[in-house]
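Student: Can we go through a structure together? I'd like to ask things as they come up.
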Amino acid sequence: MTGRGHYEVQRALQQQLAGLEAEVAQLDGLLAEHARRIKEVDAAETLAGSELAAAMLPELTPQAIESAVRLTGYAPLRQNDPIAAREHERSALQARLGEIEVEPRYRDRELLRAPRIGSLVREVDELEEFRAPLLQVWTLSAHPRRDRLLAVGYGTGKYSVAWWRMSFYGDWKAGDELLERFPRHKSFAELRAELVSTRDTLTVYDARLAELREQIAISEALEREHGERTGALATLEARHLEAAQRLLWGYLRSLGMADLADRLAATPDLAIMYKRLKGMEAKREYLEGLANEQLKKPRQELGAAIQKVRRDIAKWSRPKMAWQNMPEEQFGRRFQDRSERYRKRRERYQQTYHTVYAFDGYHRASLVDDFLWWDLMTDGRLDGDFLPDVHAFHSRHPDYRYERDPLSSFDDSAAAAATSDDTDSSSSLLDAS
Amino acid sequence: MLERCFSAAGFHIEHAFKLAGAGFELVLDGYDPARRVGYEYLTTEAGDRVELTPAVVAALEAAIERGDFHLLLVDELEVADEAELELAAQRFIARLPRP
């Protein structure tokens, strides 16, 4: 049987794998670039939307709201009554601020909390100072049996543990150990008196300290809340206006090109801004569609092709394949150089992508129902039917024909490159062998 | 350890000594019947907590208080280490009435 031998097939498979991986790297690079650009388009669309909404609703007054409703037909803007919502919040903020301002822990906050001189702070400092030596005694007396000794009255006449019980001797030993730590006391009774007094005083101090710290915390929380509510009051107008503008913008996004044609006829500046917003929405759709169809899908196919080549490499590495040949015709079909086809496909993508991405002639759009942004962006020279939106438009408007702008500055060479015929474009990335 | 301490102090300790009285009957870990002195090491493992019910302990302590005999009652849960037990035994022995 004639054909290519085992080593030649293996070498060709390795070359094919390298070629496919190189193409994947190229597509990954283009996908990364697309991700960056889509962020730019998003930012531009956001700006266009907020500018249009701000132009349609420049302030939150009854007149401005009526004007915006007239311009857009968006009645919920009036029904939601953003002015009432704003005034409701204003009342609530002012009421709460009033409550806080008469609350002594806020009103007298400086007197209470000023470092070193505030009355609460000073009392905390004093108590801490008094507490320190007591805490020292209490810490020094830390012993697993200390609290028991105090509880059972060890060292006093109340101590009643029988001398034949082990606990009697446990208490005795613990008492001795504690007494050793306080040589100023001659008996445990003396030490006990100090420990009981220390414990009771610490309990009183700690309760007072907790109370003082709670008062300080409440005063701090009130001051924080006052600051937050004052801030909210300062931004009240802007926040409610922005919220109403966002509502309006959300509605504008849901509209088609022709929906505001009549309403915006008398306001050409707003009409241009509206076209700009709609054009950016379309641009984003097209760019995502292009990346999906011409980068992501081929990228998936290449991934599958790479898996297949890897399986074949493993197959042709087995000892039993050492004397196998691949028929010449099959070898030629399997290992034909596809790099040129890949390059053309990428160039076609880049030309189309760039054409759409760079488009800025939004003002040339028409506010009519049978308007296709794709044709305006590409001057009708590029087929966009592979994009779901474009395809759907053509289905809805079977008689639609785009008339080119005679003054268009469209780059013919770009169109030529983007439409260049690639007869194998639909064929498999890797012919089956 | 307890046996060593008591023996060092001159007691003739017998193991598993049966001691009975009003309201109690138990087997002591160590006891000198002649001097009526001994000890009982209470452990859960040996079932002492079942045998030495509160009523039995009360009857036993009443007898100790009357001076019928002297027993060091050691609960294993109260012993931190051997040194503590040894000190307790020595102090107990020192408190016993002179023969």
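Tutor: Ask away, and the answers follow in turn.

Student: What kind of model is this, and how are things numbered?
Tutor: This is a predicted model, in which local features need pLDDT of at least 70 and side-chain atom pairs count only at pLDDT 80 or more, while totals for chains, interfaces and linings use all residues. Residues are numbered from 1 along each chain as its sequence is written, chains are lettered from A and ligands numbered from 1 in the order in which they are written, and side-chain values use heavy atoms, with hydrogens and water left out.

Student: OK, chain A. How many helices and strands does the secondary structure of chain A come to?
Tutor: Chain A has 18 helices and 0 strands. Helices (H or I, at least four residues) and strands (E, at least two) are DSSP runs, numbered from the N terminus.

Student: And what percentage of chain A do buried residues make up?
Tutor: Of the 433 residues in chain A, 40% are buried. Buried means under 20% relative accessible area, exposed over 50%, and partly exposed in between (1.4 Å probe, protein chains only).

Student: What about contacts in chain A between residues 24 or more positions apart?
Tutor: Such pairs account for 75% of the contacts in chain A with a separation of 6 or more. Contact means heavy atoms within 4.5 Å.

Student: Give me a residue. Where is the place of Gln245(A)?
Tutor: Gln245(A) is in helix H11 of chain A, residues 236-253. It counts as buried because its relative accessibility is 13%. Leaving aside neighbours within four places in sequence, Gln245(A) touches Ala53(A), Ala54(A) and Leu57(A).

Student: Switching to salt bridges. How many are there over all chains?
Tutor: A search of the whole structure gives 49. A salt bridge is a side-chain nitrogen of Lys or Arg within 4 Å of a carboxyl oxygen of Asp or Glu. Side chains of opposite charge can pair when their charged atoms come close.

Student: Which residue does Glu237(A) meet in one?
Tutor: Its partner is Arg90(A), at 2.8 Å, N to O. Glu237(A) lies in helix H11 of chain A and Arg90(A) in helix H4 (residues 82-102) of chain A, so the pair ties together parts that are 147 residues apart in sequence.

Student: Is Glu237(A) buried, exposed or partly exposed?
Tutor: Glu237(A) counts as partly exposed, because its relative accessibility is 41%.

Student: What about Glu281(A) and Lys278(A)?
Tutor: Their side chains meet in a salt bridge of 3.0 Å, N to O. Both lie in helix H13 of chain A, 3 residues apart, about one turn of the helix. Elsewhere, salt bridges that share partners join Arg86(A), Glu87(A), Arg90(A) and Glu237(A) into one network.

Student: Now the two chains. How many residues of each are in contact?
Tutor: On chain A there are 13, in contact with 20 residues of chain B. Trp163(A), Trp164(A) and Met166(A) supply 54% of the area that chain A buries against chain B, more than any other three residues. Together the two chains bury about 1500 Å², 65% of it on carbon and sulfur atoms. Buried area is the accessible area (1.4 Å probe) that two parts lose on being put together, summed over both.

Student: How many salt bridges are across that interface?
Tutor: The rule finds 3 across the interface of chain A and chain B. One joins the side chains of Arg91(B) and Asp176(A), at 2.8 Å, N to O.

Student: Chain B, then. How do strand S1 and strand S2 of chain B run?
Tutor: They run antiparallel, with 7 bridges joining S1 (residues 14-21) to S2 (residues 24-32). Two strands pair if DSSP finds at least two bridges between them. Glu14(B) stands opposite Tyr31(B) in S2(B). S1(B) and S2(B) form a hairpin with 2 residues between them, and Gly23(B) in the turn has a positive phi of about 90°.

Student: Which residue has a positive phi although it is not a glycine?
Tutor: Arg116(A) is one of them, at about 75°. It is found in the loop between helix H6 (109-113) and helix H7 (119-140) of chain A. Arg116(A) is exposed, because its relative accessible area is 68%.

Student: And Asp379(A), buried or exposed?
Tutor: Asp379(A) is buried, with a relative accessible area of 2%. Its phi is positive too, about 55°. Asp379(A) lies in the loop between helix H16 (373-378) and helix H17 (388-396) of chain A.
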